[in-house]
Amino acid sequence: MEITRTVTIEPVTRLEGHGRIEIFLDSQGSVERAYFQVPELRGFEKFAQGRPAEDMPQITSRICGVCPTAHHMASTKALDALYQVTPPPAARKIRELVYSAFFVEDHALHFYFLGGPDFVVGPQAPASERNVLGVIAKVGIETGRKVIAMRRKLRELMALAAGKAAHPVFGLPGGVSKPLTVEDAARFREVADEAVDFACFTMDVFEKIVLGNSGYVNLILSDTFTHRTYYMGLVDENNHVNFYDGAIRVVAPDGHQWARFEPGEFLNHVAEHTEPWTYMKFCYLKELGWKGFSEGEDSGVYSVAPLARLNVADGMATPLAHQAYLKFHGTLGGRPVHHTLANHWARVVEMLYAAERMRELANDPELTDPTVRVLPTAIPCEGVGVVEAPRGTLVHHYRTDPRGIITGANLIVATQNNAARISMSVEKAAKKLITGGQVPDGILNMVEMAFRAYDPCLGCATHSLPGSMPLSVQVRDAAGAPLVVLRRDSHGTVRRE
């Protein structure tokens with residue numbers, strides 16, 4: 001039987017953006033290399049130049065239709081830093097309230113629509129069933145109604161406070177555009193209670209369907225989906241998970257604190273690396289340096305996202321989520337947990353925290369204070385804003401002239417922070433799962449599961465314009481042998497090999 005030499009998964013599925021996986025097999029049908037490639041390209045950092053800085057929260061929220069609120073919030077915080085202004089307490093709490101609602105809604109989206117089908121329906125179920133309809137068929141139509149109704153209510157609240165659900169317009173340097181009324185706060189309290197119940201329900205679904213299946217648990221714990229890397233995330237003063245604010249903490253593969261620094265110092269600790277076969281940039285820890293796609297104490301590769309946040313934190317700041325956190329680490333062998341598929345469980349723990357935090361803020365009497373903005377007076381120069389997007393740590397870095405016109409912008413998004421580990425995960429899964437040249441659809445889906453656990457956003461992760469990144473194009477024959485290679489260097493020069 002003739003062995004297939006090249007396997008292409010294009011497009012990859014159930015994520016935001018466009019990507020493909022190229023898998024190259026040897027003559028025995030084993031995987032030589034596997035590449036997670038991002039061929040799409042965006043230029044947000046370039047066409048931000050020359051624009052007023054205060055336009056950035058609206059411009060950058062258009063990068064992605066899945067997490068516009070994260071970009072809006074990071075951009076708004078960057079403006080706070082740029083203009084050296086601290087929002088009043090009510091404004092800060094309104095921002096975090098909206099952000100908590102967004103987190104519940106977004107994590108529900110991934111669990112039920114994107115990542116969940118692999119477990120609820122089954123990793124090797126027919127492709128036509130590995131979707132939200134398959135999930136509903138498995139867990140019942142009432143669950144489907146519950147998910148849709150909860151997401152609708154949360155998005156209505158986001159529109160109420162932020163102007164729009166998809167592209168918020170409320171963030172301003174020094175605060176927000178309008179206060180919340182007593183009636184608005186009452187509506188948030190009502191939905192927050194429902195959100196906590198919904199998160200508890202989702203946790204119950206996960207425990208019954210995923211943790212109750214020994215085959216799934218073994219898959220989560222398997223070496224196929226395991227990497228020992230560094231982890232990064234925002235924490236509060238108690239080293240508890242915080243999505244909106246705090247310090248950035250990094251822990252080593254053995255779990256000890258490797259670094260803890262303020263968001264404005266992010267670029268002192270992280271650098272970006274490029275490869276010629278993708279438009280996605282790869283972040284690494286500067287002090288350790290780029291040593292390729294490798295794991296362990298000596299590698300600069302690190303991870304963000306829900307699993308990373310639970311690994312860097314000493315606990316959760318709300319009671320139900322903290323109990324779930326303790327169960328998570330207790331079941332999986334203590335902190336840190338290195339199993340990539342555990343991101344799905346960590347995401348449900350975070351959904352519960354976001355719902356509880358939303359309820360706390362909705363009941364805060366200071367929430368309806370009419371003072372929601374401090375007008376900036378400082379001359380702008382440079383500002384960095386950091387939040388935790390659902391997919392991980394998100395950084396907006398702006399430089400301006402004295403008039404507040406953008407002269408330089410750099411966006412380091414969660415998927416870039418995860419890019420190296422995602423590539424490692426895809427290649428390791430391909431090498432472990434594909435043998436003898438046999439690549440049935442179910443196995444290919446399990447290779448996709450290696451990236452899907454991170455909930456990547458590929459539209460967010462590619463911001464460099466053509467010509468500024470190297471590119472390699474290979475033409476191969478039917479047997480997979482290279483015929484010609486075209487390379488473009490970082491200066492735009494193309495050569496044929």
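## Glu350 and its surroundings

Two residues are said here to be in contact when heavy atoms of theirs lie within 4.5 Å of each other. In this predicted model, and leaving aside neighbours within four places in sequence, Glu350 is in contact with Phe103, His107, Val241, Phe243, Pro306, Arg309 and Leu310.

Glu350 is found in helix 13 and is buried, its relative accessible area being 0%. With one of the residues it touches, Arg309, there is also a polar contact from side chain to side chain, at 2.5 Å.

## Helix 7

Helix 7 takes in residues 141–162, and its 22 residues reach 31 Å from the first C-alpha to the last, which is close to the 32 Å expected at 1.5 Å a residue. Its buried residues are Thr143, Gly144, Val147, Met150, Arg151, Leu154, Leu157, Met158, Ala161 and Ala162. These lie on the same side of helix 7 because they cover an arc of only 165° around the axis, whereas Glu142 and Ile148, on the other side, are exposed.

Helix 7 is followed by Gly163, whose phi is positive, near 90°.

## The largest pocket

The largest pocket has a volume of about 400 Å³. It is lined by 17 residues, of which Gln37, Trp277, Ser472, Val473 and Gln474 are the closest to its centre.

Strand 2 (20–25), strand 3 (31–37) and strand 15 (471–476) each supply at least two residues of this lining, and the largest share, five residues, comes from strand 15.

## Backbone features in the loops

The bond from Glu10 to Pro11 is cis, with omega near -5°, and Pro11 is found in the loop between strand 1 (6–9) and strand 2. The bond from Arg335 to Pro336 is likewise cis, with omega near 0°, and Pro336 is found in the loop between helix 12 (319–331) and helix 13.

Positive phi values also occur in residues other than glycine, among them Gln84, with phi near 55°, and Asn239, with phi near 60°. Gln84 has its place in the loop between helix 3 and helix 4 and counts as exposed at 60% relative accessibility. Asn239, by contrast, is buried, with a relative accessible area of 12%, and is found in the loop between strand 6 (230–235) and strand 7 (247–251).

Note on methods. Residues numbered from 1 in each chain as written. Predicted model: local features only at pLDDT ≥ 70, side-chain atom pairs only at ≥ 80, totals over all residues. Heavy atoms only, no water. Helix = DSSP H or I, 4+ residues; strand = E, 2+ residues; numbered from the N terminus. Expected span 1.5 Å × (residues − 1). Buried < 20%, exposed > 50% of the residue type's maximum accessible area, 1.4 Å probe, protein only. Arc of directions from axis to C-beta. Polar contact = N/O pair within 3.5 Å; in protein donor to acceptor, adjacent residues only side chain to side chain. 1 Å grid on protein atoms, 1.4 Å probe; cavity = no way out; pocket = protein on both sides within 12 Å on 5 of 7 lines; lining within 4 Å. Points joined across faces, edges and corners; volume = space filled by probe spheres on them.
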